[in-house]
Amino acid sequence: MHKLLTFNNETLLRQALTHRSYVNENPGEGEHNERLEFLGDAILNFISGQYLYCRYPQKGEDELTRLRSALVEEKQLAKFALEVGIELRMRLGKGTIRDGGFQNPNLLSSTFEAVIGAYYLDHNCDVDTVRAIVEPLFDSASKHIVETRSNVDSKNQLQEWVQREVTLNPPKYVTEHIGGPSHAPEFIAKVLIDGKEYGEGKGRSKKDAEKAAAEDALAKLKKRGLLT
């Protein structure tokens, strides 16, 4: 476990590391971590939102929302779990261990959320104490996420997914001018796949609006687990 993740209440830490499968196989060994996972998820969403708002003052709401989704998605949280040494301390049922539980991104990410929730409670519900732990993790991850997003054309990425998973027909973009002065017009675009809306975005040009719509669609697909 990360040297900074020290607990006053070891029972609380033990609960955070305890999966439901362990409790099912070991009745009387305490509670599982699902309530703590719920709390940790809320705390991470708040801290990541504030972190991105302060770190990227030039980015708008839509882009900040997409960055936050990428920063706290399952695979990224699983990486954080490995960084702080959670994996081998998870208390899992024997069947879950046989199924590769210690390397399972879903279990790693949910346990990380539970540990964050427990850490918050253990330190008198002090958000700043939690922030001191997670922001260093966010630093390198957010830089990588931003660089990756800038290097990959979102419209091409969406089209590749559509033609691989849904239909050979490319996504359709419906774009319109919604206002702004002549020197700074504003456009809104919607991306449709087989007639169904998958994303929406705004921009200072049709191209930027369509790119934002594609990014919105990609973020939603990732959130639903349809795109890695």
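This note goes through the structure point by point, from the whole chain to single residues.

1. Basis of the model. The model is predicted, and local features need pLDDT of at least 70, side-chain atom pairs count only at pLDDT 80 or more, and totals for chains, interfaces and linings use all residues. Residues are numbered from 1 along each chain as its sequence is written, and side-chain values use heavy atoms, with hydrogens and water left out.

2. Overall make-up. The protein has ten helices and three strands. Read from the N terminus, the order is α-α-α-α-α-α-α-α-α-β-β-β-α. The C-alpha trace spans about 65 × 40 × 25 Å along its principal axes. Of the 228 residues, 43% are buried. Here buried means under 20% relative accessible area, exposed means over 50%, and partly exposed lies in between, with a 1.4 Å probe and protein chains only.

3. UniProt, in an unreviewed entry, places the feature "domain: RNase III" at residues 5-124. UniProt positions follow the numbering used here, feature names are shortened, and annotations may be inferred rather than shown by experiment. Over residues 5-124 the chain is 66% helix and 0% strand.

4. Rolling a probe the size of a water molecule over the atoms shows where empty space is left. The search uses a 1 Å grid over the protein atoms alone: a cavity is a set of points where a 1.4 Å probe fits but cannot get out, while a pocket is an open set with protein on both sides within 12 Å along at least five of seven lines. Residues count as lining if they have an atom within 4 Å of a point. The largest pocket has a volume of about 1,200 Å³, where volume is the space filled by probe spheres set on the points, and grid points are joined across faces, edges and corners.

5. What lines the pocket. The lining holds 39 residues, and S69, A70, E73, K222 and K223 lie nearest the centre of the pocket. By type, the lining residues divide into eight nonpolar, 13 polar and 18 charged. In this count Ala, Val, Leu, Ile, Met, Phe, Trp, Tyr, Cys and Pro are nonpolar, Asp, Glu, Lys and Arg are charged, and the others, Gly among them, are polar. Several helices supply at least two lining residues each, including helix 3 (34-55), helix 7 (105-122) and helix 10 (206-223). Domain 1 (3-125) and domain 2 (152-224) each give at least three residues to the lining; these bounds come from an automatic or database domain assignment.

6. Under "binding site", the unreviewed UniProt entry lists E37, S110 and E113. These residues span 77 residues in sequence, yet no two of their C-alpha atoms are more than 6.0 Å apart, so they gather at one spot. The lining of the largest pocket includes E37, S110 and E113. E37 is in helix 3 and is partly exposed, with a relative accessible area of 25%.

7. S142 is found in helix 8 and is buried at 3% relative accessible area. The side chain of S142 reaches the backbone oxygen of D139 at 3.1 Å. N33 sits in the loop between helix 2 (20-25) and helix 3, and N33 is also buried, at 3%. The side chain of N33 reaches the backbone oxygen of A16 at 2.9 Å.

8. Positive phi values. N124 has a phi near 55°, a positive value in a residue other than glycine. N124 lies in the loop between helix 7 and helix 8 and is exposed, at 71%. C125 has a positive phi of about 55° although it is not a glycine. C125 is placed in the loop between helix 7 and helix 8 and is partly exposed, at 41%.

9. Contacts across the sequence. V115 is in helix 7 and is buried, at 1% relative accessibility. V115 and L17 are 98 residues apart in sequence and 6.9 Å apart in space, C-alpha to C-alpha. G199 lies in strand 3 (residues 196-203) and is buried, at 0%.

Technical notes: Helix = DSSP H or I, 4+ residues; strand = E, 2+ residues; numbered from the N terminus. Polar contact = N/O pair within 3.5 Å; in protein donor to acceptor, adjacent residues only side chain to side chain.
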